[in-house]
Amino acid sequence: MHVLELDSIDNVRDLGGMALAGPWRLREGLLVRGSALHGLSLHDERILFGSWGVRQVIDLRCGWEREAKPNVSVPGVRQAHVPFYDRDVVGIEYSEPGCGSKVIGRDAACDPRRFYPSLANPRTVGQMKKAVHLVFSCLLEGRPVYVHCSGGKDRSGVLCAIVLSALGASDEAIMEDYLFTNVARDRKHDQLLAHFMGFSEGDVARAELLVEQHRAHRAYLEAFWHSIREAHGTRRAFFERALGVDEALAAQVRSACAEMDAQALSA
């Protein structure tokens, strides 16, 4: 992967280079993930949308998150809102607090151990289907796409895991990318601690626990896949029946967005 070190947004990386099925790897510059764009500076805008050429943004946040911190609008760049949870758009909202924390407005410091399995509910899966097909349409057209939620960890991590898995990436490679989020999160420890202090009513120990819980942990992504198997039997059945992604479509997208991996061919 190629990490984009930007000043105004973090956890940004291009997933190009990821090994896919067979001797293929994802081409660079097509699928980028990261945090929300509400604080995007002009300098970083030039890098992400100029140098990197992103032409599609997929925002997975709830409507109230977008209203509180709207994305920067960039000429020539399409913006799509595909929330996984949203009271108005999806009909359900996740507001269950974790670790004895309180709810502030419509925001809650969730327990990821419960949040990730909850994403297998049918309404959220319906939104995943829309997001996956939008990503696929971008890859088919060669139109670079930027996927984000708030911090670029949970919802973005799940969507990218689904897309990469459907295209044939290994679970371990997907997990390695997912866990890489901790590099960015650990740099912001003090900022995150101050944020969670508000949910913890000044309890430092509880806030520190929330900081640790909201790092990327292997068990979280595994819990999502486990919930998918429980609901659909197999991951392939989930792809085909729930998301409308069969092997023919996956192969078509792969041929459009991948390049031959010389190392895989010589192995």
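Predicted model: local features only at pLDDT ≥ 70, side-chain atom pairs only at ≥ 80, totals over all residues.
Helix α9 itself spans residues 204–213, and its buried residues are Ala207, Leu210, Val211 and Gln213. These residues lie on the same side of α9, because they cover an arc of only 165° around the axis. Such a pattern can be read against helical geometry: an α-helix has 3.6 residues a turn, so residues three or four places apart point the same way. The N-terminal end of α9 is capped by Asp203, a side-chain oxygen of which lies 3.1 Å from the backbone nitrogen of Ala205.

The model also contains an open sheet of six strands with mixed pairing, arranged in the order β1-β2-β4-β7-β5-β6. Strands β1 (2–3) and β6 (78–81) form the edges, each pairing on one side only. Strands β5 (residues 56–59) and β7 (residues 145–148) run parallel and are joined by four bridges. Within this pairing, Val57 has Tyr146 of β7 as its bridge partner. Helix α5 (residues 155–166) lies across β4 (31–34) and β7, and its direction makes an angle of about 160° with β4.

Gln56 is placed in strand β5. With a relative accessibility of 3%, Gln56 falls under the 20% limit and therefore counts as buried. Leaving aside residues up to four places away in sequence, Gln56 touches Val77, Arg78, Gln79, Ala80, Leu134, Cys138, Arg143, Pro144, Val145 and Tyr146. Among these contacts, Tyr146 is also the bridge partner of Val57.

The largest nonpolar core comprises 58 residues, and Met128, Phe136 and Ile162 have the most contacts inside it. Two or more residues of this core are given by each of α3, α4 (122–141), β7, α5, α6 (171–179), α10, α11 (235–242) and α12 (247–257). A second, separate core has 15 residues, including Val12, Leu48, Val72 and Val77. Val77 of this second core is also one of the residues touched by Gln56.

For Met128, the contacts beyond four places in sequence are with Phe84, Leu119, Val158, Ile162, Phe224, Phe238 and Leu243. One of these partners, Ile162, is likewise among the residues with the most contacts inside the largest core.

Technical notes. Residues numbered from 1 in each chain as written. Heavy atoms only, no water. Pairing = 2+ DSSP bridges. Contact = heavy atoms within 4.5 Å. Axes fitted to C-alpha atoms, helices over the stretch in contact; angles between N-to-C directions. Buried < 20%, exposed > 50% of the residue type's maximum accessible area, 1.4 Å probe, protein only. Arc of directions from axis to C-beta. Polar contact = N/O pair within 3.5 Å; in protein donor to acceptor, adjacent residues only side chain to side chain. Core = buried A, V, L, I, M, F, W, Y, C linked by side-chain atoms within 4.5 Å.
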